[in-house]
Amino acid sequence: MSAVRAEWTKLRSVPRWVATFLGALVLTVGLSALAASGSTTDANEHPDFVTGPHGDAVTDGFGFAHQAVTGDTTMTVHVTGLARAATERAESGAPGTAVPTTPWTDIAAGITLKAGTEAGSSYVSVLLTGSHGVRLQGDFTHDVAGSAAHGDRWLRLTRTGGTVTGYESADGTSWTRIGALTPAAIPPRAEIGMAVSAAPVLHVSRGGGGSSVGGHPGRASATFEDVTLEPATDGTWQGTAVTMPTPADQPAKVGGSTAPTPRVLTASGDTSTVTGSGKVGPQRPDDDVVEGALLGVVAGLMALICVGVLFGTSEYRRGMIRTTFAATPRRGRVLAAKALVLGGAAFAVSLVAVVVAFVVAVPILQDHGMAPPAFPSPSLGDPAVVRALVLAALFMTGVTLVALAVGMLLRRTAPAITLTIVLLVLPLVAGTILPGTSPRWLMYTTLAGGLATLRAQPPTDTLAEPWALIGPGAGIGVVASYAAVGLALAWWQLRRRDA
Amino acid sequence: MTGALRAEWTKARSLPSTGWLLLGLAVAMVGIGLAATGSLRVDECGEGACTLDTVKLSLGGVRLAQVAAAVLGVLLVTADYATGTIVPTLAAVPRRWRVVVAKVAVVGAGVGGAAVAGVVGALLAARAVLPRRGFTAARGYAATTVVHDLTQRAAVGTVLYLVLVAVLGAGLGLVIRDTGVAVTVVLALLLVAPVLAMVVGDPVWQTRIHRFAPADAGLAVQATRGLATLPIAPWAGLALLAAYALAALAAGAWMLQARDATT
């Protein structure tokens, strides 16, 4: 305990260090605000989305063989042969690497109950996907995973009052319930039918200092057998391609081949083949408002690294370490006290810094166009925002502790600061130069990966910043490992080496 | 003046870190250059004309090499303050500006020599590696050679860039005097701006950062393709970095002149 008090006295009695802590706060907030005022987007003026039932940006396009039903109803189908149609590349963009699909961007075939055939209307679907198994999805936000089956599956959708339940079966006799959803706005008289969607195939080309995303429209078809509707209706299946509205200010492609859209529905006997193109799901930009509001962390870290290293090396420079060890002969306890005091101070300063940066920078970003509906509006209460802020503060604390460990290990200021800063920043610069997704391993192995904690959105391959390639858990894990290994090495060396 | 030069040379030589930093500078140039060119694939750039700047990529090691140059520049100044050698130094050379000139000459010579070795090594490595990755004359990539005047400009510019970064470090060292703070400040100046440029969305601001940040402006000299779209002309960018370095050095020299050496 006295060791902790001694270290605390050392930390607070050096005016330069206290000033540097304040500097870290000012740098984090100031640079965040500056970077925020340097960001603009016109995503809301030139929308590539429609507004979904919850008022958020969505995309909605698929092939729909449907008929109108009123009230409670149950539809059953047997889906086979879901496959991507051989489409020609619409644009010869850079090939790059294909962006992996998610449950929202995979090819899918199944039953959809939808308020109408206009894009963006409320719906519930039970779908067999290409590689994400069976899903129950609704209103562009809800996604319930079923079994991991693929290729051949029986699907059933039942509407009872306001609730829609999805079932699946391997043989059409024994059924498994997937889940139930309550759609926002499906009127009693709605459209039900067979749906096939295929999200655009994206290719991302990274490296040489930037990233570019190209893609071509997807198209898929599937065969539906043993289609039954209860109660039976006297209607017939009608094929409609649900499509996104063409932006008014975007002229139709000149000179491009206006290939006739393939028929949505081809029926022969009891078998129907449905062809569809487009994605049904949320349309969120990969750019992250929370990350954009916290960029000053990079600058704040410079000041924290400086304090962290000096808190370790100054003991050696001034010979203080001999007094310290005379007072607390258990050297491990000294290191623990140092880490505790420095870590606590760094966490407190970092948490205040990121919260203030968030509060200051988010309104600036929203003024510059990163506002709803194209971008979600983050608030301090969102779990994703709380996670990002706490992890960002822990990330800053972790880097400060790494700096302390490096300082204790090297015992000299200049190499310790250089090494820590290089481990943190250089992989970022290298990450924009290296091609493809190869920067990912750099993020998994260096302190730079910790910047993934700033993101509230899931990881993505499509952004220039390399830390977006990994998730926040991996990011904080890398930094925590560095801090743990660094402090362990420092402890081991402290015990066996002469002070 | 010769005496001052020789004194600084001896001090630089006897610092254990000098040799390691210079070696690290050259190794970083060659090693990262190899990693960058070795990981390229010509089919990554599509069917159209390939616009990858292979010369710039093969000299990409400068991003790490500049760290060694900057730290060396700082250390050769601040070590004098940390160890107290500044007092006998100024006693022996009372004209303080001569100390500054001697320090800059020694830093420049050391970093310049290591940079030449590193740049030549990186270009030779690229010449050996690139054809094997598909960057052949048929795809519009002649073998890397210094006879080509744009490559020559990039090579000479990179050496000058590293020397100027070291001078910037020395200047900041004279102003700040504390090793830790000076190293942090110079590395933050050089490394944070490119990260910001990467994430700032507005192209106007991106251009501003590329045009006025010391590292980004100075490295415009490495470009051999897309010259029409550079945010700042190659030599103008290097001149801007020189202006930053000289400003820091002038401030440092003035502070050495005006301020007591031991406070």
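## Around Leu162(B)

Leu162(B) has contacts (heavy atoms within 4.5 Å) with Leu25(B), Met29(B), Val62(B), Ala65(B), Gln66(B), Ala69(B), Val111(B) and Ala115(B), leaving aside neighbours within four places in sequence. This is a predicted model, where local features need pLDDT of at least 70 and side-chain atom pairs count only at pLDDT 80 or more, while totals for chains, interfaces and linings use all residues. Residues are numbered from 1 along each chain as its sequence is written, chains are lettered from A in the order in which they are written, and side-chain values use heavy atoms, without hydrogens and water.

## Nonpolar cores

A nonpolar core here is a set of buried Ala, Val, Leu, Ile, Met, Phe, Trp, Tyr and Cys residues joined through side-chain atoms within 4.5 Å; buried means under 20% relative accessible area, exposed over 50% and partly exposed in between, with a 1.4 Å probe and protein chains only. The largest core has 167 residues, and Leu294(A), Tyr161(B) and Leu162(B) touch the most other members. Its largest share, 16 residues, comes from helix H7 (residues 383-410) of chain A, helices being DSSP runs of H or I with at least four residues and strands runs of E with at least two, numbered from the N terminus.

Another core, of 34 residues, lies apart from it and includes Val69(A) and Ala198(A).

## Arg84(A)

Now for a strand residue: Arg84(A) sits in strand E4 (residues 73-84) of chain A. Arg84(A) is partly exposed, at 39% relative accessible area. Its contacts beyond four places in sequence include Ile107(A), Ala198(A) and Gly218(A). Arg84(A) and Gly218(A) are 134 residues apart in sequence, yet 7.5 Å apart in space, C-alpha to C-alpha.
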